[in-house]
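Here's a quick tour of a model you can follow along with on screen.

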Amino acid sequence: MENIMEILGEAKNAAILGHVRPDGDCVGSCLGLKSYLEAAAPGLKVQVYLEEFSEAFRFLKGAGEVSHDPADGNVYDLCIALDVSDRERLGAFAGYFDHAGRTVCIDHHVTNAGFARISHVRPERSATSEVLYTLMDEALIGRDTAECLYMGIVHDTGVFKHSNTTGETMEIAGKLMGKGIPFSEIIDRTFYEKTYHQNQLLGRALMESVMFMDGLCIFSAFRQKTMEFYQASPKDFDGIIDQLRVTRGVECAIFLYETAPQEYKVSMRSNRVVDVSKIAAYFGGGGHVRAAGCTMAGSVYDVLNNLSRHIEAQLKEAGAL
Ligand SMILES: [Mn+2]
């Protein structure tokens with residue numbers, strides 16, 4: 001596919017779907033494509049369906065018209081899934097996909113095996129928002145579309161920092177900036193901004209963190225009574241593990257929070273050596289080499305003892321201990 005217009009055909013209406021627990025790239029892609037099609041295909045009726053998403057993305061054009069209803073009875077000529085790596089990830093909205101006349105998926109996940117009739121998957125691209133840009137006519141990209149796509153790229157690259165960021169990513173971001181978008185504000189308001197509450201929890205997690213294994217590891221944990229005191233929910237913990245990870249000298253960071261008495265949700269990050277996905281998989285979880293998670297039973301110290309054995313074994317094997 002060279003241009004997004006190729007997929008429209010005779011369609012009079014289209015549904016745009018993203019993945020469960022929509023992130024910045026997912027919301028940016030969906031709203032960016034909707035806003036683009038309003039300019040490029042004015043006759044086409046477009047409806048975006050997504051689960052509830054972060055309040056911070058509300059400023060994007062069209063955010064207020066997103067439907068959260070998985071079964072409104074509408075059937076579409078065309079269904080476009082964005083940033084969705086497999087059918088399962090459509091969650092409750094899969095029905096719109098299954099009943100649509102034609103299905104298209106535009107994505108950048110290397111694991112996407114092609115579940116739609118037309119798949120356009122570009123794993124070398126940092127974000128689905130970046131893939132979409134390459135399928136659009138530059139002259140038809142307005143400021144609203146640019147804001148959406150820029151936000152998507154910012155989120156999936158961790159503000160142009162992750163290894164998926166390429167020279168082309170930066171060129172595309174530059175083109176989007178040229179549309180007159182408030183780029184500093186988009187980055188601060190949607191990526192870095194924390195509520196007072198989240199900052200208090202981050203502060204407390206850092207204050208109470210403990211380094212072990214000669215400073216190669218660090219952990220922090222929230223027990224249920226502390227979470228109740230702050231009325232904290234899991235989304236308030238975003239960013240804590242990343243701050244622990246960048247502690248000087250640390251190879252492996254662990255953050256735990258209690259989900260039920262003596263049961264902990266475990267997040268792990270590593271910097272160079274430890275494959276945390278292996279450890280998470282051993283305890284029934286999963287993830288990536290440098291970022292993974294699982295759920296474990298026992299006290300904080302039971303959990304840490306169990307994890308430490310695996311971390312230590314990997315460090316020894318790599319000659320780092
Ligand atoms: Mn993405």
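Gly 287 has Ala 292 in β11 as its bridge partner. That's part of the link between β10 and strand β11 (residues 291–297), which run antiparallel and are joined by two bridges. Bear in mind that this is a predicted model.

Zooming out, the open sheet has six strands in the order β6-β7-β8-β9-β11-β10, with mixed pairing. β6 and β10 (286–287) sit at the edges with a single partner strand each, so one side of each has no neighbour in the sheet. Helix α11 (residues 300–317) packs on the sheet and touches β6, β7, β8, β9 (263–270) and β11. The direction of α11 makes about 145° with that of β8.

| Pair | Sense | Bridges | Bridge partners, one example |
|---|---|---|---|
| β7 and β8 (residues 252–260) | parallel | six | Ser 220 and Phe 255 |
| β10 and β11 (residues 291–297) | antiparallel | two | Gly 287 and Ala 292 |

β6 and β7 make a hairpin with four residues between them, and Met 213 in the turn has a positive phi of about 55°.

So what about β7 itself, buried or exposed? Six of the six residues in β7 (residues 217–222) are buried, so the strand is largely enclosed by the rest of the structure. Cys 217, Phe 219 and Ala 221 point one way, Ile 218, Ser 220 and Phe 222 point the other way, and all are buried.

Now over to the metal. Which residues coordinate the manganese ion? They are Asp 25 (OD), Asp 83 (OD), His 108 (NE2) and Asp 156 (OD), at 2.1 to 2.3 Å. Along the chain, these donors follow the spacing D-x57-D-x24-H-x47-D. Asp 25 in helix α1 (residues 24–40) and Asp 83 in the loop between β3 (78–82) and α2 (94–99) are 58 residues apart, so this pair links distant parts of the chain. Asp 25 and Asp 83 are both buried.

One last stop is Glu 147, which lies in helix α4 (residues 143–156). Its relative accessibility is 7%, so Glu 147 counts as buried, the cut-off being under 20%. Leaving out residues up to four places away in sequence, Glu 147 touches Phe 59, Leu 60, Ile 181, Pro 182 and Ile 186.

Technical notes:
Residues numbered from 1 in each chain as written. Predicted model: local features only at pLDDT ≥ 70, side-chain atom pairs only at ≥ 80, totals over all residues. Heavy atoms only, no water. Buried < 20%, exposed > 50% of the residue type's maximum accessible area, 1.4 Å probe, protein only. Pairing = 2+ DSSP bridges. Donors = N, O, S within 2.8 Å, 3.2 Å for Na, K, Ca; no water. Contact = heavy atoms within 4.5 Å. Axes fitted to C-alpha atoms, helices over the stretch in contact; angles between N-to-C directions.
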